Amino acid sequence: MTSIPDDIGDSLVLNSLQEPVFVVDADGNIVFLNERLSNVTAYSPEQLENISQLAEFLDVGFLSLRDGIQEVLAGEATDRRVEITMQNLKSAQDEGTIHVEARITPLDDDGMPAGAIVVLRDINTRKQMEKTLREREQRFRTMFESHSAPMLLIEPDSGQILNANEAATVFYGYGAEKLTSMRVQEINRLSEKEVARKRERANKENRNHFEFEHLLASGDVRTVEVYTTPIEIDGKELLFSIIHDISDRKQSEHELELYREAVSQTGHSVLITDEEGIIEFVNPAFEADTGYSQEEAIGKTPAILKSNKQSQAFYADLWNTILAGDVWEAELVNRSKSGQLYYVEQTIAPITDEDGKITNFVAVQSDITERKLREKRLSDLNRILRHNLRNALTAIEGYTRTLLKEVDEPQQHKLKRILAQAETLADTSEKITTVRQSLNDRYDIDVTCNVGAVLSEQVAEFEDSYPEASIEVDAESAELDLDAATLGTLLRELIDNAITHNDRENPCVTVTVETPTRPSEPIKVHVADNGPGVPEQERTAVEVGTDDPLIHSSGIGLAHVHWLVINYGGDVEIRDNEPRGTIVTLSLPPGEQSQS
């Protein structure tokens, strides 16, 4: 047997090592252990004679340690490393185990192993770091695979996509095998130079996200925001990218910008408040109308415009309406910064989020001061004219009737013509009053009438009044979106005009009701006659925009019809009848029953 050098046990080097060390001879007997190992095992050099005694300190790896020592002693290896798990080497009293690497090297004697030195190095910190790294990588892989956001692992130099989660395959429309065979440049529509410029700009701005346009398998292009960070996977540094589809957000931002631009350019005053009524935005028209600048208005409430012309109940109704999520509309009087009063037509609407919660209110105001003043002047003028006209006509009728009793028969026909003209003027005055009321009053949109029923009543009256006239009716039952009184006025005006202005001994009038094929289309009422036709100057009464001082209507009849129909959202058309006469067509809005 080859012997171990006698002075090895006296080696200061081995005893000074912090790691436990022991030496075995060629037969595997322990011939030396340093003080560190003696302290750990509580064995003296004389007591610890064989490596089998170390088994009680080793939780895992004793056989590997024994086999490694034998391989070195047999000359099969010159440096053998074995990982084992031992009881805590810091103190014999400490609990727990640590990972240890046993490095086995031969002791040569004339070229043959005379024994082996075994150094036990604590690698618990390294093993813990490796465990932590494995756990971290596992958590990352779990997150990567299960996350709902598209994610890619990219080789930084080539741009090769090394891995893609399921969300990425769904978003891009490629299978995992296809996607991982591609480079990221194949889905990014920007050139590599443009991408490099974006990265350089991002580095200067100290940010790690970029906006790109990515091409999907379908050919669609989506705007994406990519968050990229370096990450080490299996010892390699890769780029970990998270992709967010922001196409809808970009579209919304674009629409919002268009809205802001439109609001800024509109001639109507616009203000936006938060849910508490604090002003957050006003447009230039608001500044011009009110005299308050944007800086003066923001942070205040619309109460800066309060004129005290509206009651507390008025404002209570306003808040009750908009807080209920409804749109509020009204006319009111405001006061500008200079103290001047002005009239506005105002609409306030709530703005809600995805959950239906009110976040803001938007108010649109239209200055109607000039219109209100004009209406007041016209009302006063109309009242004065009607009063004076009525008094004058009453006097004319009175004097004429008196003269009829005093003059001879040959002269009476002239007085009767004067009387007839006075009655016509009185009738015209009443029609103007009716038109004015119909244009000023808000009609009830829930009121409907049956065109057939109203027509039957009107025809019966005319048959009694004009027995010489022939009135034919071809009407289906249909509901109209206007009240019976208004429809009666329209029909009465047209039928009366067709009979009284007819030059035939037996006037013939045909009334036809045409129901639409589509629910949203208007119902048409045709009134046809066989008279001389409507003069050109009379037709101008229903042509919007015609204003020729040389050609004007001599009466109020057709204008009366036109104003009423337009007020209810309809239309009037006049055309020639064949072979003679006129057809007047009213296009009237259908009621709900007719649309269903």
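# Salt bridges, ring pairs and a charged patch

Biologist: Which residue forms a salt bridge with R126?
Modeller: Keep in mind that this is a predicted model. The closest N and O atoms of the bridge are 2.9 Å apart, inside the 4 Å cut-off. The partner of R126 is E83.

Biologist: And how many residues apart are R126 and E83 in the chain?
Modeller: The pair links distant parts of the chain. R126 belongs to helix α4, while E83 sits in strand β4, residues 80-87. That puts the two partners apart by 43 residues.

Biologist: Are R126 and E83 buried, partly exposed or exposed?
Modeller: Buried would need under 20% relative accessible area, and exposed over 50%. R126 comes out at 35%, and E83 has 42%. Those values lie between the two limits, so R126 and E83 both count as partly exposed.

Biologist: Which strand does K127 get linked to through its salt bridge with E83?
Modeller: The side chains of K127 and E83 meet at 3.1 Å, N to O. This pair, too, links distant parts of the chain, with the partners 44 residues apart. K127 is in helix α4, and E83 is in strand β4.

Biologist: Is K127 buried or exposed?
Modeller: Its relative accessible area is 17%. The cut-off for buried is under 20%, so K127 counts as buried.

Biologist: What about E225, which helix does its salt bridge reach?
Modeller: E225 bridges to R249, with the closest N and O atoms 3.7 Å apart. The two are 24 residues apart, E225 being in strand β10 (residues 221-233). R249 lies in residues 247-265, which is helix α8.

Biologist: On to the rings. Is the pair of F144 and F240 stacked, tilted or edge-to-face?
Modeller: The structure holds 7 aromatic pairs, this one among them. The ring centres are 6.3 Å apart and the planes meet at 50°. Stacked needs under 30 degrees and edge-to-face over 60, so the pair is tilted.

Biologist: How far apart in sequence are the parts tied together by F144 and F240?
Modeller: F144 is in helix α4 (residues 124-146), and F240 is in strand β11 (residues 236-245). The separation of the two parts, counted in residues, is 96.

Biologist: How do the rings of F210 and F212 pair, stacked or edge-to-face?
Modeller: F210 and F212 are both buried. Their centres are 5.8 Å apart, with 15° between the planes.

Biologist: Last one: which helix holds E461?
Modeller: E461 gathers with E457, E463 and D464 in a surface patch of negative charge. At 46% relative accessibility, E461 is partly exposed. E461 lies within residues 451-465, the span of helix α14.

Methods:
Residues numbered from 1 in each chain as written. Predicted model: local features only at pLDDT ≥ 70, side-chain atom pairs only at ≥ 80, totals over all residues. Heavy atoms only, no water. Patch = residues over 30% accessible without salt bridge, like charges linked within 9 Å, V, L, I, M, F, W, Y side chains within 5 Å. Areas by Shrake-Rupley, 256 points an atom, 1.4 Å probe, with all protein chains shown as cover. Lys, Arg positive; Asp, Glu negative; His and termini not counted. Charge placed at Lys NZ, Arg CZ, Asp CG, Glu CD. Helix = DSSP H or I, 4+ residues; strand = E, 2+ residues; numbered from the N terminus. Buried < 20%, exposed > 50% of the residue type's maximum accessible area, 1.4 Å probe, protein only. Phe/Tyr/Trp six-rings, centres within 6.5 Å; stacked < 30°, edge-to-face > 60°.
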